[in-house]
Amino acid sequence: MILPERVLGRPGANWMRSGMASAPMWRPLKALILPLFLAACTAPSDLPAGSAPLDPIAFFAGVTNGEGSLDTIVARPVPVTVSSLGFREHGGLKLIQRIKEGDQPLRIRTWVIRKVPSGYVSTLTDAQGMVEMELRGARAYIGYTTPSGLRIHQQLALQPDGRTVRNRLTAHKY
């Protein structure tokens, strides 16, 4: 998000002292800061999805593959590929993922997902503690914190073909 202060400079910076901008001109810009901040903080909309409910254990059992890009504010998009192998065990799923992000070395992570009376519980080798997983119809909402302190929010949306899941992952440091 680019706030007007970042575009125009800090209030009180040299450009304001030199007379290039006057206080009356700055007042309308101050009025824009709160609405811009609130707009940037709103949750992203739900991904489009089909009507069939998503069962993550059934969907990820066997071989699945994904392609996408990692888009950051400070760098160009980086291609990401994920190859997964899921096995059913102990009434749940163990999912091993091989992840390749651009030129970075291949990394492997493991999910364990179990169905419980209240929904699903999950662990992930990339997560510090338990992974939150809430299913609502064709969508799964996942949240966890990485060991480095990044807060991860992920949405999976089962598509009408029943064979495709769209995935949106956002990471926040603060």
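Predicted model: local features only at pLDDT ≥ 70, side-chain atom pairs only at ≥ 80, totals over all residues.
## Overall architecture

The chain contains four helices and nine strands. Read from the N terminus, the order of these elements is α-α-α-α-β-β-β-β-β-β-β-β-β.

The chain has 174 residues, of which 29% are buried. Its accessible surface amounts to about 11,700 Å², and carbon and sulfur atoms account for 58% of that area. Among contacts with a separation of 6 or more, 31% are between residues 24 or more positions apart.

## The nonpolar core

The largest nonpolar core consists of 20 residues. Within this core, the residues with the most contacts are Trp 111, Ile 113, Val 131, Ile 142 and Tyr 144. Two or more core residues come from each of the following elements: helix 4 (56-60), strand 3 (92-101), strand 4 (107-116), strand 5, strand 7 (139-145) and strand 8 (151-158).

When neighbours within four places in sequence are set aside, Ile 142 is in contact with Trp 111, Val 131, Glu 132, Met 133, Ile 152, His 153, Gln 154 and Leu 156. Two of these partners, Trp 111 and Val 131, are also listed among the core residues with the most contacts.

## A buried serine

Ser 122 belongs to strand 5, which covers residues 119-124. Is this residue buried or exposed? Ser 122 is buried, because its relative accessible area is 1% and the limit for a buried residue is under 20%.

## A network of salt bridges

Side chains of opposite charge can pair when their charged atoms come close. The structure holds four salt bridges. Which residues are linked in a network of salt bridges? The members are Glu 101, Arg 107, Arg 109 and Asp 126.

Arg 107 pairs with Glu 101, with the closest N and O atoms 3.0 Å apart. Both residues are partly exposed: Arg 107 has a relative accessibility of 32%, and Glu 101 has one of 22%. Arg 107 also forms a salt bridge with Asp 126, where the closest N and O atoms are 2.7 Å apart. This pair links distant parts of the chain, since Arg 107 is in strand 4 and Asp 126 is in the loop between strand 5 and strand 6 (132-136), 19 residues apart.

Asp 126 has a further salt bridge to Arg 109, with 3.2 Å between the closest N and O atoms. Arg 109 is in strand 4 and Asp 126 in the loop between strand 5 and strand 6, so this pair ties together parts that are 17 residues apart in sequence. Arg 109 counts as buried, at 9% relative accessibility.

## A nonpolar surface patch

Nonpolar residues also occur on the surface. Val 63, Leu 85 and Phe 87 form a nonpolar patch there, and together they have about 280 Å² of accessible area. One of them, Leu 85, is located in strand 2 (residues 78-89). Leu 85 is partly exposed, with a relative accessible area of 40%.

Methods. Residues numbered from 1 in each chain as written. Heavy atoms only, no water. Patch = residues over 30% accessible without salt bridge, like charges linked within 9 Å, V, L, I, M, F, W, Y side chains within 5 Å. Areas by Shrake-Rupley, 256 points an atom, 1.4 Å probe, with all protein chains shown as cover. Salt bridge = Lys/Arg side-chain N within 4 Å of Asp/Glu carboxyl O. Buried < 20%, exposed > 50% of the residue type's maximum accessible area, 1.4 Å probe, protein only. Contact = heavy atoms within 4.5 Å. Core = buried A, V, L, I, M, F, W, Y, C linked by side-chain atoms within 4.5 Å.
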